[in-house]
Amino acid sequence: MVCAREEPGPVNAETRVAVEAVRDGIARYRLEPTTGRTHQLRVHLAGLGVPILGDDLYPEVREKALDDFTRPLQLLAAELAFTDPLTGEHREFRSGLALQAWDDPAGWAGGAVPAVSSSAGPGAG
């Protein structure tokens with residue numbers, strides 16, 4: 001198991017954090033990491049006192065069976081963009097998924113498995 005924690009000293013990881021919305025006692029954040037450290041987003045939010053819903057490692061480890069997928073970590077890369085280190089080409093990807101705890105808080109809290117919808121692309125059938 002890999003765990004990380006904040007340590008005193010020079011900063012070696014940076015994340016821009018902005019609150020996008022607040023509803024029913026929970027908030028949705030926009031996270032923009034400027035570095036890429038192991039568990040960086042999870043450590044930073046836990047350090048701010050707002051751990052990510054469903055996080056079984058931060059701020060403290062909670063034992064959970066490996067095949068227990070109820071109440072999954074509510075962390076989703078809605079958009080990912082970077083410069084390809086091999087080609088120099090700008091790459092950008094977007095997800096159509098949503099955070100269950102935001103869209104269906106009662107279902108998430110009760111451990112309901114979210115319905116997954118997908119759009120059939122060309123050649124699907």
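**Exercise 1.** Classify F93 as buried, partly exposed or exposed.

*Solution.* F93 has a relative accessible area of 39%. Buried means under 20% relative accessible area, exposed over 50%, and partly exposed in between (1.4 Å probe, protein chains only). F93 is therefore partly exposed.

The model is predicted: local features need pLDDT of at least 70, side-chain atom pairs count only at pLDDT 80 or more, and totals for chains, interfaces and linings use all residues. Residues are numbered from 1 along each chain as its sequence is written, and side-chain values use heavy atoms, with hydrogens and water left out.

**Exercise 2.** Describe the aromatic pair in the structure.

*Solution.* A pair of aromatic rings is described by the distance of the centres and the angle of the planes. Rings of Phe, Tyr and Trp (its six-membered ring) pair if their centres lie within 6.5 Å; planes under 30 degrees apart count as stacked, over 60 as edge-to-face and the rest as tilted. The structure holds one such pair. F82 and F93 are 6.2 Å apart centre to centre, with 25° between the planes, and the pair is stacked. F82 lies in strand 3 and F93 in strand 4 (residues 90–94), so the pair ties together parts that are eleven residues apart in sequence. Strands (E, at least two residues) are DSSP runs, numbered from the N terminus.

**Exercise 3.** Find what sits over the ring of W102.

*Solution.* A charge sits over a ring if NZ of Lys or CZ of Arg is within 6 Å of the ring centre and within 35 degrees of the ring normal. The charged end of R23 sits over the W102 ring, 4.0 Å from its centre.

Key:
Helix = DSSP H or I, 4+ residues; strand = E, 2+ residues; numbered from the N terminus.
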